[in-house]
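Have the viewer open as you read.

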Amino acid sequence: MARGRMLDEMGTNGSQKFVVFAGSPARRDVVPSFPVRMQSSSRFREQLIAEGAIVESTTYPGWLETTRDIVCNSPSAAAEILVGRSANGFQEWKTEDGHPLADYVARVAWGARRTWLVRGSNVAGVDLFEREWRGEQRVSLAASRLRAGVEPGVSKNDLRGFVEEDYESTATYSQRIQLVDEMHAFLSRMKHGDTVCTVSGGRLYIGEITGDPVQVDSEDGRSSLRRPVEWQDIGYPYDELPEEVQQKLSVQHDVADITAVQDLIDGLGLSEQELIDEAEVEGEPREKIPALVARREMELPEPTAELADELLVHDVAWLREVRDLLRDDRQLVLYGPPGTGKTYLALKLAEFLGGGPEQVKLVQFHPSYSYEDFFEGFRPREDPGNREVALRLTAGPLRELADLASREGNRHIPHFLIIDEINRANLAKVFGELYFLLEYRNKSIRLTYSQEDFALPPNLFVIGTMNTADRSIALVDAAMRRRFAFVELSPRTEPTAGLLRRWLDREKHDPEPADLLEALNARISDPDFQIGPSYLMKKGVYRDGGLERTWRTKILPLLEEHHYGEGVNVEALYGLNALRAASS
């Protein structure tokens with residue numbers, strides 16, 4: 001057990017210094033990423049070893065040991081020279097009864113460590129990260145018009161009053177609301193030991209907040225509020241970041257709480273083996289390593305021969321291709337004429353790939369369906385207390401499923417939204433700004449009603465069904481074609497072509513209905529109006545007179561509509577007697 005204490009003296013980065021006492025153990029080896037991520041601490045450790053301040057220990061076999069008190073720039077630097085990896089000193093230094101150092105640092109904010117995004121790459125046209133933050137080990141926020149003397153820990157209500165007065169003539173109402181949120185987070189919610197991130201030059205940089213905020217008279221007004229930060233030396237290419245991290249970094253705020261992806265950010269630059277090695281040294285079971293749990297890959301299971309048999313699909317390879325399309329595009333449309341089993345197949349596939357019906361939600365589009373029905377909107381709701389009815393923001397099926405899919409513990413589980421008859425609604429109207437997210441899953445947008453930042457979870461999949469007899473596939477707009485993969489279910493091709501024959505064989509029925517259906521479809525020139533097999537895959541068809549009744553009441557009316565106004569004798573062309581006579 002290493003020992004030390006916080007000093008009143010401030011380090012060069014604005015944090016209070018920390019002294020490590022002589023006789024403290026230090027690990028012999030460092031993790032491979034340590035010299036890259038934390039160059040200054042790595043160099044300091046090597047210097048201490050070269051000077052004999054850290055030597056081979058006689059007290060702790062297999063360990064090193066400090067031979068004198070060592071004053072470090074911050075609690076984190078003090079922890080890093082001992083453990084040989086990046087470390088959050090406010091969390092890792094603890095009292096003997098287990099309370100972290102952060103509990104004893106005078107601060108306004110409290111609670112668990114959080115992760116923040118603060119933008120600095122384009123502040124009034126200047127990249128502050130490169131010009132100031134990295135070199136001077138700080139983070140800042142522009143607040144040139146905010147009155148002097150605003151204290152850390154100021155209440156949001158008081159801060160709102162200051163901003164309303166100080167920015168009345170220079171900022172719009174919505175801009176002032178955003179300024180209040182960002183300044184309050186910077187002054188009162190951030191705390192020692194929190195993680196801070198920024199993007200500069202196409203790379204993500206990560207640091208640790210090491211001190212309290214101060215208000216200064218910045219010459220150019222770009223950095224009036226400042227906090228000391230210990231920045232890592234390495235930046236991570238933006239395009240290589242996990243999709244969930246990119247989503248959070250795309251929010252339209254100068255300061256944003258991105259704690260939801262904290263575990264993924266903590267693990268950046270570390271291999272799986274490094275994370276495991278660190279956990280083993282700390283005595284943590286690998287299944288509880290937060291960064292590894294967050295990295296857990298979402299997998300769509302491999303379709304099986306049993307699934308193919310259940311769905312009467314001719315080949316597992318076809319199911320595998322549909323699975324691969326979903327994995328790559330995450331949006332897919334099953335299209336074809338009526339009766340080809342599109343909705344049934346969509347539901348069964350979703351339940352298999354998602355692990356059960358709990359991860360599947362179905363909605364049906366229609367001409368009056370709207371964005372408010374689909375995602376969120378104001379709906380009349382009765383207040384249980386006073387029985388009065390008021391308009392309240394209400395989540396639709398997509399918002400509900402997205403919230404469920406993004407819940408902690410669910411992020412590696414696939415969730416499916418089935419949209420039946422997807423082409424019957426005005427898609428641009430129904431999806432609204434969400435149309436953008438279907439194509440750009442690594443982005444987030446500001447929602448119309450709630451004004452929240454929203455992104456589609458990576459584990460949310462959409463399967464639509466489209467009846468081509470209702471609207472031809474050729475009429476689907478280019479925007480939808482670009483966002484969805486299209487898979488045809490047609491009586492002309494498998495798996496639909498032989499579906500009825502396989503079903504009849506499994507149910508021990510005479511194969512005649514399959515012969516009749518094939519003969520019928522051979523006479524229908526328009527493939528969008530051919531008849532699917534599901535009309536003849538019902539028990540009622542195989543009772544006395546059932547086939548004739550189904551043909552007369554279900555199939556022939558469809559063809560009457562198709563030939564409406566053409567003077568075609570549908571019964572003579574497509575009736576059972578005509579088809580049987582032609583085949584005899």
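**Salt bridges, rings and patches**

Glutamate 132 has a relative accessibility of 9%, so it counts as buried (under 20% relative accessible area is buried, over 50% is exposed, and in between is partly exposed, with a 1.4 Å probe and protein chains only). Before going on, a quick word on ground rules: this is a predicted model, so local features need pLDDT of at least 70 and side-chain atom pairs count only at pLDDT 80 or more, while totals for chains, interfaces and linings use all residues. Residues are numbered from 1 along each chain as its sequence is written, and side-chain values use heavy atoms, with hydrogens and water left out.

Back to glutamate 132, then. Its salt-bridge partner is arginine 131, with 3.2 Å between the closest N and O atoms; a salt bridge here is a side-chain nitrogen of Lys or Arg within 4 Å of a carboxyl oxygen of Asp or Glu. Arginine 131 is partly exposed, at a relative accessible area of 43%.

How many salt bridges are there by this rule? The count comes to 38. Take aspartate 181 and lysine 156, whose side chains meet at 2.8 Å, N to O. Aspartate 181 sits in helix 7 (residues 173–189) and lysine 156 in helix 6 (residues 156–166), so this pair ties together parts that are 25 residues apart in sequence. Helices here are DSSP runs of H or I with at least four residues, strands are E runs of at least two, and both are numbered from the N terminus. Aspartate 181 is partly exposed at 36%, and lysine 156 is partly exposed at 32%.

Now try glutamate 376 and arginine 399, which form a salt bridge with the closest N and O atoms 2.9 Å apart. This pair links distant parts of the chain, with glutamate 376 in strand 16 (residues 376–382) and arginine 399 in helix 16 (residues 397–405), 23 residues apart. Glutamate 376 counts as buried at 2% relative accessibility, and arginine 399 counts as buried at 11%. There's also a network of salt bridges to look up: Glu302, Arg320, Arg323, Asp324 and Arg327 are linked in it.

On to the rings. Aromatic pairs number 18, counting rings of Phe, Tyr and Trp (its six-membered ring) with centres within 6.5 Å; planes under 30 degrees apart are stacked, over 60 edge-to-face, and the rest tilted. Phenylalanine 129 and tryptophan 231 have ring centres 5.2 Å apart and planes at 90°, so they are edge-to-face. That pair joins distant parts of the chain too: phenylalanine 129 is in helix 5 (residues 128–136) and tryptophan 231 in strand 12 (residues 225–237), 102 residues apart. Both phenylalanine 129 and tryptophan 231 are buried. Elsewhere, Phe365, Tyr369, Phe374, Phe431 and Tyr435 form one aromatic cluster.

Finally, the surface. Phe378, Leu391 and Leu393 make a nonpolar patch of about 290 Å². Patches are built from residues with over 30% relative accessible area and no salt bridge, joining like charges within 9 Å and nonpolar side chains (Val, Leu, Ile, Met, Phe, Trp, Tyr) within 5 Å. Leucine 393, in strand 17 (residues 389–395), is partly exposed, with a relative accessible area of 37%. A positive patch is formed by Lys539, Arg543, Arg549 and Arg552, and arginine 552 lies in helix 22 (residues 546–562).

Technical notes: Areas by Shrake-Rupley, 256 points an atom, 1.4 Å probe, with all protein chains shown as cover. Lys, Arg positive; Asp, Glu negative; His and termini not counted. Charge placed at Lys NZ, Arg CZ, Asp CG, Glu CD.
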